[in-house]
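Hi everyone, thanks for coming.

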Amino acid sequence: MEPASGIAHGLIERLGRSSRLVVLTGSGVSSESGIPTFRGEEGLWRQHRAEDLATWEAFERDPELVWNWYDYRRRIIADAEPNRGHKAIVRLEGDFDDFTLVTQNVDGLHERAGSVGPVELHGNIWRARCTKEHTIVDLLENPLSPIPPKCAQCGALLRPDVVWFGEPLPMEAYELSHQAASTCDAMLLVGPSAVVRPAASLPLVAKHNGAFVVEVNPNYTHISALIEATLIGKAGVVLPKLVDALLDRRSGMRSRSDRQDTGAENEVKEQTAS
Ligand code: OAD
């Protein structure tokens, strides 16, 4: 029988039994908060060329243009609120002792929803980095003024502390995410299109090491055929149902094992008494 969530019983059972869970999110998880994705119909890369806005060469050529684009995105993000998808992920985090949230998003919405220390693979749009001394600073002013912003210490140009095309991922974030993907026994993908590497290879690393990999996405992705299941639908709709069903299952499993423990304890007590 299908559970009330409409999500296959076997899938809930298998995810429920896992003890090391990784959730990997992409821009899809924030789309219901009103933040555009990159490759969808209204996606940012449908209206702009990544080469003009998200490369070091573009920044060297025209830092004002690049900062104006980031300022525009920062304003959209500042007006947005975490959605039901972000909040469902927080509930998952609370139920697993070994839980890692890895995100390709730079919007900071996971933390605003209450997630603790998400691993940010592509940086954070609310930070900037000095192009001369490489120091990283919080840059919360919204809207930005002046554009482009300068380093308060040395006067050099600041750049957004995000990963651009052709740049390596931050070493620590990459290592943490790779380690988590290699050792998890389940991975949940929420709204990455799974085309941008190296993040897109994390589910394959997990799969290769025997993890059960499931995605939540309104569309099939490049890796749908390689993983266990695709739950078709929006994160804000599917995730709360999935998490409800999963937490129910896990709490049932815990109370059964508590009862068994108590039963065994009583048996020992009875034997001792007789
Ligand atoms: P994409 O725009 O490539 O993919 C967004 C994914 O989210 C697609 O698979 C959509 O089907 C899915 N999606 C849309 N709405 C959704 C919803 N409500 N719930 C769940 N899923 C939904 O965005 P990313 O994969 O995040 O990098 O892009 C990865 C990287 O490419 C970005 O970090 C950025 C971009 O270029 C850099 O700028 C370096």
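Let me start with a question: which of the 30 residues around the ligand come nearest? They are Gly-26, Gly-28, Phe-38, Gly-191 and Ser-193. Here a residue is near a molecule if its C-beta atom, placed from the backbone, lies within 6 Å of it.

Two quick notes before we go on. This is a predicted model, where local features need pLDDT of at least 70, side-chain atom pairs count only at pLDDT 80 or more, and totals for chains, interfaces and linings use all residues. Residues are numbered from 1 along each chain as its sequence is written.

Back to the ligand. Its shell has 13 nonpolar, 14 polar and three charged residues; Ala, Val, Leu, Ile, Met, Phe, Trp, Tyr, Cys and Pro count as nonpolar, Asp, Glu, Lys and Arg as charged, and the others, Gly among them, as polar. Helix 2 (28–31) and strand 8 (212–217) each supply at least two residues of that shell, and the largest share, three residues, comes from helix 2. Helices (H or I, at least four residues) and strands (E, at least two) are DSSP runs, numbered from the N terminus. Domain 1 (1–35 + 84–122 + 171–274) and domain 2 (36–79 + 123–162) each give the shell at least three residues, with bounds from an automatic or database domain assignment.

Now the chain as a whole. You can find eleven helices and nine strands in it, and 35% of its 274 residues count as buried, meaning 20 or more other C-beta atoms within 10 Å of a residue's own, with C-beta atoms placed from the backbone.

What about the inside? A nonpolar core is a set of buried Ala, Val, Leu, Ile, Met, Phe, Trp, Tyr and Cys residues joined through C-beta atoms within 7 Å. The largest one has 41 residues, and among those touching the most other members are Val-22, Val-23 and Leu-188. Helix 11 (235–273) is one of the elements that give two or more residues to this core, and helix 11 gives the most, with seven. A second, separate core of nine residues includes Leu-53, Phe-59, Val-106 and Ile-125.

Last stop: Asp-161, in strand 6 (residues 158–162). Asp-161 is buried because 21 other C-beta atoms lie within 10 Å. Beyond its neighbours within four places in sequence, Asp-161 is in contact with residues including Gly-123, Arg-127 and Ile-136, where contact means C-beta atoms, placed from the backbone, within 7 Å.

Notes: Buried ≥ 20, exposed ≤ 12 C-beta atoms within 10 Å, placed from the backbone. Contact = placed C-beta atoms within 7 Å.
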